Amino acid sequence: MAGGNWTRVSEFTLMSFSSLPTEIQSLLFLVFLIIYLVTLMGNGLILLVTWADPMLHSPMYFFLRNLSFLEIGFNLVIVPKMLGTLIAQDTIISFLGCATQMYFFFFFGVSECFLLATMAYDRYVAICNPLHYPVIMSTRTCAKLAAASWFPGVPVATVQTTWLFSFPFCGTNEVNHFFCDSPPVLRLVCADTALFEVYAIVGTILVVMLPCLLILCSYARIAAAILKIPSAKGKHKAFSTCSSHLLVVSLFYVSSSLTYFRPKSNNSPESKKVLSLSYTVVTPMLNPIIYSLRNYEVKNALSRTFHRVLGGRNYRNSTAILRHN
């Protein structure tokens, strides 16, 4: 390295989808822009409705509000820059900007893993201990569980990002991805990264598998409790309270596991980009849709909210007309 002609890297170039024709990139921009807007509107609506409607002031919707806030943050970190690379070919990202994007990507990703586990625990208490549910899942307990879900993202993101960006970067600065993810950035390092790679693999397994095991244990107990319910109607009602969460968990874990735990021989950069789109862009859009379409309480709350808004607007319009006359 000392004798080589190395150039210190001060900024990165996100390759994104530059290998595709301009027409395809323009089409992708339109598709991702629509998905981005739907994601922000859908999760924003969930935040508004679960906060404004007194009928949804329960632990389940408190955690759903946390999930929607997390999904909005996740999208804001990744999608705007990706849209810029597609429509304006704004592929340059500064050294600090790349590190910041990676930090918040890890922070929100780890937080979502633990938040999904917390939501599974909430469903376990609701179904297996319904009489003690209000006592166990008190407001104070819910706040502590939410904080415990968000906290692990801080040390994981801090250690991983700080360690990776403390390595020397030299030579090419082209990140073959649409955001600053760890594996493509790591390829640009001109130093021995064996210890970091071991840490990254072990850390990823722990962060993904520990919440996953908690979710599986919770749903094993939930399934056992549902099977003991004598009536088919009771079983259906109990399962319906978990179906939305189960679907969200499946989408998140399947897509992220396929991205990070596939053999390297089957993990080309282009296929990884496609898989990364599923949990960074598509899943955050589907979450509010799943909870809205599969949850009667949310649908009823949305209806009540729209009626209140429209009713208030009609009342103000009528008052204005009467005053004018």
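Which residues does Phe-179 touch, not counting residues up to four places away in sequence? Contact here means heavy atoms within 4.5 Å, and on that basis Phe-179 touches Leu-14, Ile-78, Gln-101, Phe-105, Ser-276 and Thr-280. Phe-179 lies in the loop between E3 and H7, and it is buried, with a relative accessible area of 0%. Buried means under 20% relative accessible area, exposed over 50%, and partly exposed in between (1.4 Å probe, protein chains only). The C-alpha atoms of Phe-179 and Ser-16 are separated by 7.4 Å, although these residues are 163 apart along the chain.

Before going further, a word on what you are looking at. This is a predicted model, in which local features need pLDDT of at least 70 and side-chain atom pairs count only at pLDDT 80 or more, while totals for chains, interfaces and linings use all residues. Residues are numbered from 1 along each chain as its sequence is written, and side-chain values use heavy atoms, with hydrogens and water left out.

Now let us step back to the whole chain. It has 11 helices and 3 strands; helices (H or I, at least four residues) and strands (E, at least two) are DSSP runs, numbered from the N terminus. Along the sequence they follow the pattern β-α-α-β-α-α-α-α-β-α-α-α-α-α. Of the 325 residues, 44% count as buried. Among contacts with a separation of 6 or more, 77% come from residues 24 or more positions apart.

The three strands make an open sheet with the order E2-E1-E3 and mixed pairing, where two strands pair if DSSP finds at least two bridges between them. Strand E2 (92–94) and E3 stand at the edges with a single partner strand each, so one side of each is left without a neighbour in the sheet. Strand E1 (residues 11–14) pairs with E3 in the parallel sense over 2 bridges, and Leu-14 stands opposite Val-175 in E3. Leu-14 is also one of the residues that Phe-179 touches.

The buried residues of H1 include Phe-29, Phe-32, Ile-35, Tyr-36 and Thr-39. An α-helix has 3.6 residues a turn, so residues three or four places apart point the same way.

Finally, follow the cysteines. A disulfide is a pair of cysteine sulfur atoms within 2.5 Å, and by this rule the count comes to 2 disulfides. In one, Cys-98 and Cys-180 have their sulfur atoms 2.0 Å apart. The torsion about this S-S bond is about -120 degrees, so the disulfide is left-handed. Cys-98 lies in helix H3 (residues 95–128) and Cys-180 in the loop between strand E3 (174–175) and helix H7 (182–186), so the pair ties together parts that are 82 residues apart in sequence. Both of these cysteines are buried.

Another disulfide joins Cys-170 to Cys-190, S to S 1.8 Å. This pair links the loop between helix H6 (153–164) and E3 with the loop between H7 and helix H8 (194–227), 20 residues apart. Cys-170 and Cys-190 are both buried as well.
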